[in-house]
Amino acid sequence: MIKISPSILSADFARLGEEIQAIEKGGADYVHVDVMDGHFVPNITIGPLVVEAARRVTRLPLDVHLMIENPDLYIPEFARAGADIITVHQEAVPHLHRTVQLIRSLGKKAGVSINPATPVSTLEVILDEVDLVLIMSVNPGFGGQSFIPACLGKITALRREIERRGLNVELEVDGGVKTENIGEIAAAGADVFVAGSAVFGTADYGATIGRLRENASS
Ligand code: DX5
Ligand code: ZN
């Protein structure tokens with residue numbers, strides 16, 4: 001099943017509540033929340049306060065992507081704020097198994113993300129312990145960048161490994177996903193698609209989400 005997770009990074013923050021309700025009405029499956037700390041990535045965005053506010057305006061699962069150092073320090077707060085899926089970066093976490101267990105101990109789904117230059121093999125040991133893997137297809141930090149084609153092979157390899165082990169792990173792709181390339185990314189094996197500028201850069205979010213879903217399924 002295909003899921004679309006619009007990234008609110010490209011939303012109008014002055015009208016964030018309305019923007020989130022518009023994507024829910026438009027058929028989004030998740031709300032993707034990009035948390036950046038100015039250390040792990042060269043940008044600063046939002047924290048638990050905004051997650052808590054988002055929680056009050058939607059019933060959709062909040063798909064919280066932590067692009068931060070020392071995520072263990074903040075995971076309990078994001079969980080309390082109402083995150084449903086909490087994803088950390090493999091590159092930011094020295095004791096990944098411990099961090100994944102921490103997320104699960106709080107009753108949340110645990111995701112692990114890898115940057116474009118990080119090989120899929122770094123997930124070999126943790127794969128059985130996670131609910132979601134997030135393949136970054138741009139270097140994290142900003143919306144509106146172009147999909148890096150070399151990431152397609154990583155998606156294929158990871159899908160093959162998930163199937164081989166018979167796991168129930170979602171394979172999410174984040175960065176540069178558009179109506180024009182989502183078909184190819186889905187064919188490689190992804191099933192959850194983050195789309196920021198592709199959704200919020202259009203006038204009719206519902207139509208765009210519908211088109212993304214259609215192109216991913218065909
Ligand atoms: C990038 C973020 C993405 C970003 C995607 O660092 O993790 O979620 O908002 O934006 P688009 O879809 O515009 O590439
Ligand atoms: Zn993201």
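Leaving out neighbours within four places in sequence, aspartate 34 is in contact with Ser7, Leu9, Thr45, His65 and Met67, where contact requires the C-beta atoms of two residues, placed from the backbone, to lie within 7 Å. The model is predicted, so that local features need pLDDT of at least 70 and side-chain atom pairs count only at pLDDT 80 or more, while totals for chains, interfaces and linings use all residues. Residues are numbered from 1 along each chain as its sequence is written, and chains are lettered from A and ligands numbered from 1 in the order in which they are written.

An unreviewed UniProt entry places the feature "active site" at Asp34 and Asp174; such annotations may be inferred rather than shown by experiment. Although these positions are spread over 141 residues of sequence, they cluster in space, with a largest C-alpha distance of 10.5 Å.

Aspartate 174, not counting residues up to four places away in sequence, touches His65, Leu134, Met136, Ser137 and Val194.

Turning to the ligand, 22 residues surround ligand 1, and the closest are Ser7, Pro140, Gly143, Gly196 and Ser197, a residue being near when its C-beta atom, placed from the backbone, lies within 6 Å.
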